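Hello,

Here is the structure to hand over, with notes on what was found in it below.

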Amino acid sequence: MEQPKYESVVLEIKDLHIDFLVNKEYQEVVHGISFQVEKGKILGVVGESGSGKSVSALAIMQLLPAKTARISRGEIIYYSAGRPSQNLTNLPSKFMQTIRGNKIAMIFQEPMTSLNPVYTCGKQVMEMLEIHRNMSGKEAKREVLDLFEKVLLPRPEKIFDSYPHQLSGGQKQRVMIAMALSCKPDILIADEPTTALDVTVQKSILELLKSLQQQMQMGIIFITHDLGVVSEIADNVIVLYKGEIVEKGKVEDIFENPKHPYTQGLLACRPTLNARPLVLKTVADFLDHSEVKVEYETLGQRQTRQMEIYSGEPILKIDSLLVSYPLKKTFFGKTINSLHAVDEVSFSVYEGETLGLVGESGCGKTTLGRAILQLANNESGNIIYKGTRLNKLSANEMRKFRQDLQIIFQDPYSSLNPRLMAGEAIIEPMRVFKIGKNEIERKENVIHLLERVGLNEESYYRYPHEFSGGQRQRICIARTLAVNPKLIICDESVSALDVSVQAQVLNLLNELKHEFKLTYIFISHDLSVVKYMSDRMLVMQNGKIVEIGEADQIYESPSSEYTRKLINAIPK
């Protein structure tokens with residue numbers, strides 16, 4: 001087979017077509033894509049869920065499910081130094097095993113499901129070295145500890161003996177990077193490796209990958225839906241939309257002068273840090289080829305709205321709240337060491353306000369939200385809602401307030417019952433709180449709510465697995481609204497969504513806030529999203545509030561070093 005026209009090319013995809021089996025018939029999902037990966041370069045692959053990014057990566061690794069997917073046409077050519085090129089599409093599986101993980105490695109999106117929970121992290125990386133590099137146990141352990149140091153894991157010896165559940169998300173992802181790099185591959189495929197991570201951890205992972213790639217001169221395929229992340233790391237970019245490449249080029253050219261409406265939409269739908277659009281634009285706005293106009297909230301409009309909010313009384317007061325978890329107990333169950341997850345926190349929330357709550361994983365954001373809803377016990381302090389001390393109420397007395405205080409969780413799939421149709425999931429809390437005169441009225445209200453969140457009447461009869469991630473989150477929002485709440489805690493409710501779907505959900509939350517006169521506590525690790533949504537912003541670190549104030553002012557002149565670090569970590 002001929003060598004590629006560039007000697008530096010290590011992987012070449014030619015006219016790749018991938019089909020999936022749907023209702024006993026094959027349907028094409030990737031439509032003839034072609035691209036090259038160069039040695040020592042990073043190729044960014046950008047697109048939303050369903051665009052074909054991960055499917056193409058799995059095809060390269062020969063990991064497509066054999067019974068339901070096939071490569072119908074095209075070539076995947078791997079060029080190895082000093083050896084003949086190989087077409088991976090027709091390579092027998094026993095030969096592919098010598099390449100997969102060894103010459104071409106992959107970092108998956110979710111490290112918790114990629115790592116085996118019953119083996120220590122060190123043992124799992126050692127296994128790669130023993131299989132592919134024929135190392136002895138002692139040599140493999142020494143190499144793993146060296147790799148753990150390279151990927152900047154703290155206390156490598158301790159992490160070597162730790163199980164995945166004992167590590168943070170960022171640490172687990174570093175273990176996955178160490179595993180992928182253990183055999184010094186020519187090509188590394190990184191599939192959304194930073195999607196669920198804090199901005200600071202994300203920044204450190206990106207810097208780490210860039211540094212290791214330069215040291216080892218690997219070719220990297222970096223898959224993401226976030227163009228901001230690509231701008232930080234990639235040399236070249238391809239943009240995928242519905243299984244086709246709609247744009248490709250150098251990263252600076254794509255960012256400075258995007259040609260395709262889809263690329264323009266992806267760039268426009270993420271909240272900017274220097275202006276606040278009244279409505280975020282979505283990809284659909286650009287794809288219909290109409291003129292896209294953006295209206296911004298003026299400083300005067302913002303000040304007038306905030307004066308109205310803060311002229312009233314707080315709807316919620318948190319006073320010296322302390323929530324602890326036991327770390328060590330005696331034989332008789334007495335706690336002798338504990339962690340202060342929420343440490344003497346005090347603040348107020350006003351009716352009609354969106355209070356942003358930001359900080360890294362483990363800072364106490366979610367615990368604080370759960371404590372407000374009395375889903376986590378507090379040791380001391382008070383939670384006062386409309387004059388009532390919630391933390392002094394019995395479980396029975398608290399039920400009366402559950403209607404007013406609601407939460408939208410981060411993962412809509414695990415917070416919906418897979419055995420209940422979407423409509424039944426929404427109508428269930430209405431029955432509990434006796435909302436509506438009868439079942440007919442309740443069903444009418446549910447259909448109205450589904451339509452209000454951008455779904456249709458047919459959605460009532462479909463199950464959670466039949467919806468996309470964004471649609472499932474809309475069902476959760478409809479379920480929350482069904483009981484006519486006054487205050488909603490949005491706990492990382494847009495973190496796992498594509499940027500365009502995220503923009504749609506943020507627009508929806510803002511519309512509903514004005515329509516139903518809602519108050520939000522908006523929890524996120526993404527400071528750009530929190531700044532866009534919030535009137536005031538509260539920054540947490542190690543269970544304490546390090547800063548609270550008007551969102552724009554905190555961004556423009558943060559008073560704490562920690563807040564500055566969060567702001568500097570946002571992809572520019």
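Are Lys-513 and Asp-535 buried or exposed? Both Lys-513 and Asp-535 are buried, where buried means under 20% relative accessible area, exposed over 50% and partly exposed in between, with a 1.4 Å probe and protein chains only.

On the source: this is a predicted model, in which local features need pLDDT of at least 70, side-chain atom pairs count only at pLDDT 80 or more, and totals for chains, interfaces and linings use all residues. Residues are numbered from 1 along each chain as its sequence is written, and side-chain values use heavy atoms, with hydrogens and water left out.

Salt bridges (a side-chain nitrogen of Lys or Arg within 4 Å of a carboxyl oxygen of Asp or Glu) number 22 in the whole structure. One of them joins Lys-513 to Asp-535, with the closest N and O atoms 3.4 Å apart. Lys-513 is in helix 19 and Asp-535 in the loop between helix 20 and strand 19, 22 residues apart; helices (H or I, at least four residues) and strands (E, at least two) are DSSP runs, numbered from the N terminus.

Lys-531 and Asp-552 also form a salt bridge (3.4 Å, N to O). Lys-531 lies in helix 20 and Asp-552 in helix 21, so this pair ties together parts 21 residues apart in sequence. Lys-531 is buried at 5% relative accessibility, and Asp-552 is buried at 15%. The residues of both pairs belong to a network of salt bridges that includes Arg-276 and Glu-297.

Arg-564 pairs with Glu-561 in a salt bridge at 3.3 Å between the closest N and O atoms. Arg-564 is partly exposed at 33% relative accessibility, and Glu-561 is exposed at 55%.

Regards
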